[in-house]
Amino acid sequence: MLTLSWLLVIALAGGIAALVDGIMRARGRGTNVVAIIEIVVAVLFLLSLFVTGIPFGSLVLGIILAIVLAVLLFLRGSTRRGGIALTVVALVLVVLWIVLSQGWIVIPGVN
């Protein structure tokens, strides 16, 4: 049974935004290798939220995804106009999920 919580919604939104960002970057020219790494890590992150047995677990994959998104933010490969916004949204959501899931900040009703 799947329990829907705000923490899961934040993780899903961040993972889906990262996946869409990776697909948009892979279709453009430029940092294709990093975009493919972003797609693979985002898919593994999303799968780790629902399936047990994914290597490294969702926390490690979330940290790796945040690092890849930060690298892509600084590389600014060839994305279409406004492509940076999707990267920033995905990065903020993934970092927010990491902080809330570890209990570093406690917000009643969210974690």
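I started with Ser5, which is partly exposed at a relative accessible area of 30%. The classes I used are buried for under 20% relative accessible area, exposed for over 50%, and partly exposed in between (1.4 Å probe, protein chains only). I noted that this is a predicted model, in which local features need pLDDT of at least 70, side-chain atom pairs count only at pLDDT 80 or more, and totals for chains, interfaces and linings use all residues. Residues are numbered from 1 along each chain as its sequence is written, and side-chain values use heavy atoms, with hydrogens and water left out.

Ser5, continued. I placed Ser5 in the segment before helix H1 (6–27). Helices (H or I, at least four residues) and strands (E, at least two) are DSSP runs, numbered from the N terminus. I then looked up Gly109, which is 104 residues from Ser5 along the chain; their C-alpha atoms are separated by 8.9 Å.

Whole chain. I found four helices and zero strands, in the order α-α-α-α along the sequence. Of the 111 residues, 35% are buried. I took contact to mean heavy atoms within 4.5 Å. Among contacts between residues at least 6 apart in sequence, 64% join residues at least 24 apart. The chain exposes about 6,500 Å², and carbon and sulfur atoms supply 73% of that area. Accessible areas come from the Shrake-Rupley method with a 1.4 Å probe; for residues, only the protein chains shown count as cover.

Salt bridge. I used a side-chain nitrogen of Lys or Arg within 4 Å of a carboxyl oxygen of Asp or Glu as the criterion. The structure holds one such bridge. It joins Asp21 and Arg25, with the closest N and O atoms 3.3 Å apart. The two residues are separated by about one helical turn, because they are four residues apart in helix H1. Asp21 is buried at a relative accessible area of 0%, and Arg25 is buried at 2%.

End of helix H2. I found Ser48 in helix H2, buried at a relative accessible area of 14%. The Ser48 side chain reaches the backbone oxygen of Phe45 at 2.7 Å. Leaving aside neighbours within four places in sequence, Ser48 is in contact with Ile54, Gly57, Ser58 and Leu61.

Leu47 is also in helix H2 (residues 32–48), but counts as partly exposed at 39% relative accessibility. I found Leu47 in a nonpolar surface patch with Leu2, Val43, Phe50 and Val51, with about 420 Å² of accessible area together. Patches take residues with over 30% relative accessible area and no salt bridge, joining like charges within 9 Å and nonpolar side chains (Val, Leu, Ile, Met, Phe, Trp, Tyr) within 5 Å.

Terms used:
A polar contact is a pair of N or O atoms within 3.5 Å; within protein, one must be able to donate a hydrogen and the other to accept it, and residues adjacent in sequence count only if both atoms are side-chain atoms.
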